[in-house]
Amino acid sequence: MNKNNQEHQAILIKEVLETLNPQKDAYYIDATFGRGGHSREILKKGAKVIAFDFDQQSIENAKKLFSKEIDSKQLILIRENFSKMDASISNLKKSLNLEISGILFDFGTSTDQLMSKDRGFSFEAREEILDMRMDDRLGVKACDLLKLIDEKQLANMIFEYGGETDARAIAKKIVAVRRRDPNSLDKVGTLVDIIDSVKGFRAKGKINVATKTFQALRIIVNDELSNIEEVLPKALKILQESKAIDKRLVCIAFHEGEDRLVKTFFKKIEAENIGKLINKKALQASEEELKINPRSRSAKLRALAL
Ligand SMILES: C[S@@+](CC[C@H](N)C(=O)[O-])C[C@H]1O[C@@H](n2cnc3c(N)ncnc32)[C@H](O)[C@@H]1O
């Protein structure tokens, strides 16, 4: 557990198990392994898991926490962007007789990533580099974006992906700072001060004024929405090609942008009679879960049966 007692807690576990319905010895893909909270529950049902995560730290943690399951081949770990899962799965099929019974996505970042002090996700770590890459093989950090993108694009991006209504004023200030001292934008603290100077006096509530801008940058740096758009048809194809019976595709989204992609895709699949929505409305955290894990408030789970 980290110092702030804020280790990632898997969300909607009961709902994931009900909709994914893991069966003994069947194979499931956990496309967003994180701390492995969902994988652990799937493994407990006697199922096998092929897990993806593009963050090396998640993979290192997994090797320590799941060594038994890895040794027994109940868990196969792959450090890869889930948008390339089709290639990884067809590679695995060369050596393993596998039929995939279900695929789970729990999009976005883990609490571990958000709270880590040295990766630029946290606005509290003022002296750190404004990095925000979940996959450190990616070329562009958040601070590079702030130095490269023109003011209008910056404003649009902060508004569209963060829902920040002061996006224009924030973008204007970023560009002003960039003209004076571009390298100062390398630090988390500079962006926090910029946002504070625009919004600070209007700040209310418990949510930090930097939250929306930080979310927007994180989504862009990690190409989060394009990855989802790319992977959903691939995940469907993997399930369609599998000989398993009663196959499931389960997605948990945390913000409107992610959920819209899932909702639209699932509706299209249902309209084409390829799959059926398990629940008409998205499932959300129970009052009980909200008390234990307030972060689950914005999570929406949608599931499809094939
Ligand atoms: C919300 S966390 C998942 C938490 C996990 N379900 C658990 O119970 O611990 C999302 C994880 O997915 C990973 N991730 C996000 N986008 C990814 C992508 N395109 N490819 C691979 N991994 C990704 C992140 O690095 C992060 O570890």
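Two strands are said to pair if DSSP finds at least two bridges between them, and helices (H or I, at least four residues) and strands (E, at least two) are themselves DSSP runs, numbered from the N terminus. The structure discussed here is a predicted model, in which local features need pLDDT of at least 70 and side-chain atom pairs count only at pLDDT 80 or more, while totals for chains, interfaces and linings use all residues. Residues are numbered from 1 along each chain as its sequence is written.

We can begin with the sheet, which is open and has seven strands in the order S3-S2-S1-S4-S5-S7-S6, with mixed pairing. Strand S3 (75–78) and strand S6 (276–277) stand at its edges, and because each has a single partner strand, one side of each is left without a neighbour in the sheet. Strand S5 (residues 248–253) and strand S7 (residues 300–305) run antiparallel and are joined by six bridges; Ile252, for instance, has Leu301 in S7 as its bridge partner.

Helices also lie against this sheet. Helix H12 (residues 224–241) packs on it, touching strand S4 (100–106) and S5, and the direction of H12 makes about 160° with that of S4; contact here requires C-beta atoms, placed from the backbone, to lie within 7 Å. Helix H13 (residues 256–271) lies across S5, S6 and S7, and runs at about 20° to S7.

These two helices also meet one another, since the axes of H12 and H13 come within 10 Å and cross at roughly 25°, where axes are lines fitted to C-alpha atoms, for helices over the stretch in contact, and angles run from 0 to 180 degrees between N-to-C directions. That crossing angle makes H12 roughly parallel to H13, given that angles under 35 degrees count as roughly parallel, over 145 as roughly antiparallel, 65 to 115 as roughly perpendicular and the rest as oblique. The contact brings together Leu225, Ile228, Glu229, Leu232 and Leu236 of H12 with Gly257, Glu258, Leu261, Phe265 and Ile269 of H13. By class, it has seven nonpolar, one polar and two charged residues, where Ala, Val, Leu, Ile, Met, Phe, Trp, Tyr, Cys and Pro count as nonpolar, Asp, Glu, Lys and Arg as charged, and the others, Gly among them, as polar.

A second pair consists of helix H9 (residues 167–180) and helix H10 (residues 188–199), whose axes come within 9 Å and cross at roughly 135°, which makes H9 oblique to H10. Here Ala169, Ile170, Lys173, Ile174 and Val177 in H9 meet Thr190, Ile194, Ile195, Ser197 and Val198 in H10, and the residues of this contact divide into seven nonpolar, two polar and one charged.

Met157, Ile158, Tyr161 and Gly162 in H8 meet residues of H11 including Lys212, Ala216 and Ile220.

How values were computed. Contact = placed C-beta atoms within 7 Å.
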